[in-house]
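This report describes the fold, a pocket, a surface patch and selected local features of one protein model. The sequence and structure are shown first.

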Amino acid sequence: MIRLRKTITAEFLEQTEPQLVSLIHERLIEFRKRHLSSTIYRLAISIIKPVTILGVLASLCLIYLGGHLLFAIVSLTFFAIVLVLFWDKDKVEARTVAIGKRYWHWHAAVHAKRMLKVAKRTAPFNAEYDFRGDLLTYYRTTDTRSELGWARRIAGIRYGGNGFVLIYKSAKSFYPNTLILLDSSDVPISYWDEIGVANGHQHANSESGRNG
């Protein structure tokens with residue numbers, strides 16, 4: 001068994017939150033990059049332009065023939081707008097990446113706030129962790145009280161930050177399911193090896209090497 005303890009202050013949490021947001025956001029962006037490089041996404045982007053051109057031509061034919069005029073005008077307007085937006089594939093991808101970064105940063109910030117909500121409300125306190133095999137129990141304690149935070153089985157992959165460790169249930173998980181308010185160096189590497197929780201940064205590098 002390993003028992004570790006750390007004093008948590010409001011100042012520490014204020015410093016930790018931006019780092020937490022950054023790490024969660026970084027991982028979300030990595031998922032987004034994989035999506036943008038997927039065969040299905042590339043195929044969808046490549047066929048939008050020719051399909052839209054066909055839509056414009058079909059709408060013009062309807063207008064010329066005088067059938068369903070209102071529908072034809074609405075269709076022409078729709079296909080024309082889509083064609084303008086998707087004409088340059090490189091600009092489409094650049095715009096998608098830019099919008100995605102802002103969107104996922106917002107998601108990361110919301111998730112980080114949620115993970116730190118109770119700690120912020122409780123600070124200052126001592127964060128105490130009991131490591132018993134893959135069972136991790138977390139307590140929030142002060143001089144006058146002790147409160148059980150949670151107890152859960154730890155599995156998946158880990159990411160270490162400055163003053164915290166994030167656990168993802170698996171390499172495919174979008175969001176972390178456990179936040180440990182300890183420096184990553186506080187927990188012996190032998191413990192992580194024993195319960196099979198891999199270093200996420202090393203895992204990402206190995207995946208990148210295989211894909212490359």
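## Fold and conventions

Helices (H or I, at least four residues) and strands (E, at least two) are DSSP runs, numbered from the N terminus. Along the sequence, the protein follows the pattern β-α-α-α-α-β-β-β-β-β-β-α-β-α, with six helices and eight strands.

The model is predicted: local features need pLDDT of at least 70, side-chain atom pairs count only at pLDDT 80 or more, and totals for chains, interfaces and linings use all residues. Residues are numbered from 1 along each chain as its sequence is written, and side-chain values use heavy atoms, with hydrogens and water left out.

## Burial

Of the protein's 212 residues, 36% count as buried (under 20% relative accessible area; exposed means over 50%, partly exposed in between; 1.4 Å probe, protein chains only). Ile180 belongs to strand S7 and is buried, because its relative accessible area is 0%. Between the C-alpha atoms of Ile180 and Phe164 the separation is 5.5 Å, although these residues are 16 residues apart along the chain.

## Second largest pocket

The second largest pocket has a volume of about 230 Å³. A pocket is an open set of points on a 1 Å grid over the protein atoms alone, where a 1.4 Å probe fits, with protein on both sides within 12 Å along at least five of seven lines; lining residues have an atom within 4 Å of a point. The volume is the space filled by probe spheres set on the points.

Sixteen residues would be written here as 16 lining residues, of which Met115, Tyr138, Arg140, Trp150 and Leu179 lie nearest the pocket's centre. Helix H4 (89-122) and strands S3 (135-141), S4 (146-153) and S7 (178-180) each supply at least two residues of the lining, and H4 gives the most, with six residues. By class, the lining has nine nonpolar, three polar and four charged residues.

## Surface patch

On the surface, Ile53, Leu54, Leu57 and Leu60 form a nonpolar patch with about 350 Å² of accessible area together (Shrake-Rupley method, 1.4 Å probe). Patch residues have over 30% relative accessible area and no salt bridge, and nonpolar side chains are joined within 5 Å. A salt bridge is a side-chain nitrogen of Lys or Arg within 4 Å of a carboxyl oxygen of Asp or Glu. Ile53 is found in helix H2 (residues 39-65) and is partly exposed, since its relative accessible area is 32%.

## Cis peptide bond

Ala123 and Pro124 are joined by a cis peptide bond, with omega about 5°. Pro124 lies in the loop between H4 and strand S2 (125-132).

Conventions:
Patch = residues over 30% accessible without salt bridge, like charges linked within 9 Å, V, L, I, M, F, W, Y side chains within 5 Å. Nonpolar A, V, L, I, M, F, W, Y, C, P; charged D, E, K, R; others polar.
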